[in-house]
Amino acid sequence: MNDADVSKQIQQMVRFIRQEAEEKANEISVSAEEEFNIEKLQLVEAEKKKIRQEYERKEKQVDVRKKIEYSMQLNASRIKVLQAQDDLVCSMKEAASKELLNVSHHHNHHIYKKLLQALIVQSLLRLKEPSVLLRCREDDVSLVEDVLDAAKEEYAEKSQVHAPEVIVDQIYLPPAPSHHNAHGPSCSGGVVLASRDGKIVCENTLDARLEVVFRKKLPEIRRCLFGQVAV
């Protein structure tokens, strides 16, 4: 083999090696490109996922805030409605209290005397004591004294006992409410009876009777005014 053949063969080997190297380089380049693209895609997807999660978190926060705000507004509305209802009920009670004054007014003395007698009899029936103290307004002392004997006899007849001793107390119930005494204690009428030792008390004033009736009738009053709908 001469030098020319050797040279030619070497060149062929060099070309082959170069071709192999180029192909290998191409393979490495393609593989690296693919890995890069995959990694880039993974990074992009990971970032997209993070963004979605962050968006969902903020969306939930907004939703929770909206629900809290709605709940607060709803509660505020309910409180306003309940307050308005209470105000109306209280105004009715005030109107009823003012009407009580007409019961004990001087031009209704005949009716009021009969009522006082009934209240005294009822109190005696509740106490069932042989001797009691009776307290009334100073303005009502003469009216009470007018009906006291009849009340004692009525009680004795109903209870089948001797007529009790009833002592009219010199300490009086507060007077009727007036502009001069708007914020002080007041009494619209009626009586308070107590056992002599003060342990048993029967409060039978018009104000106390109104309080009892009003408390008892309150559900019915609310039903008539506001219906069955729950706020």
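How many Å apart are the mean positions of the positive and negative charges of the chain? I looked this up before anything else, keeping in mind that the model is predicted. There are 35 positive and 38 negative charges, and their mean positions lie 3 Å apart.

**Entry on the whole chain.** I then turned to the overall dimensions, and I noted that the C-alpha trace spans about 165 × 35 × 30 Å along its principal axes. The radius of gyration is 49 Å, whereas a compact globule of 231 residues would have one near 17 Å. For burial, I wrote down that 22% of the 231 residues count as buried. The exposed surface comes to about 17300 Å², and carbon and sulfur atoms supply 56% of that area. I also looked at contacts with a separation of 6 or more, and found that residues 24 or more positions apart account for 71% of them.

**Entry on the elements.** I listed four helices and four strands in the chain, and reading from the N terminus I get the order α-α-β-α-β-β-β-α.

**Entry on helix α2.** This helix covers residues 109-127, which is 19 residues, and I noted a reach of 26 Å from its first C-alpha to its last, close to the 27 Å expected at 1.5 Å a residue. Which residues of α2 are buried? I found Y112, L116, L119, I120, V121, S123, L124 and L127. After α2 comes K128, and I recorded that its phi is positive, near 50 degrees.

Is I167 buried or partly exposed? Its relative accessibility is 28%, so I count I167 as partly exposed, since buried would require a value under 20%. Setting aside residues up to four places away in sequence, I see I167 touching V132, L133, L134 and R196.

D169 sits in the loop between β2 and β3, the latter being residues 190-195. Its relative accessible area is 15%, and therefore I put D169 down as buried. Leaving out neighbours within four places in sequence, I found D169 in contact with L134 and R135.

Methods
Residues are numbered from 1 along each chain as its sequence is written. This is a predicted model: local features need pLDDT of at least 70, side-chain atom pairs count only at pLDDT 80 or more; totals for chains, interfaces and linings use all residues. Side-chain values use heavy atoms; hydrogens and water are left out. Helices (H or I, at least four residues) and strands (E, at least two) are DSSP runs, numbered from the N terminus. The radius of gyration is taken over C-alpha atoms; the globule rule is 2.2 Å times the number of residues to the power 0.38. Buried means under 20% relative accessible area, exposed over 50%, partly exposed in between (1.4 Å probe, protein chains only). Contact means heavy atoms within 4.5 Å. Accessible areas come from the Shrake-Rupley method with a 1.4 Å probe; for residues, only the protein chains shown count as cover. Lys and Arg count as positive and Asp and Glu as negative; His and the chain ends are not counted. The place of a charge is taken as NZ of Lys, CZ of Arg, CG of Asp or CD of Glu. The expected span of a helix is 1.5 Å times one less than its number of residues.
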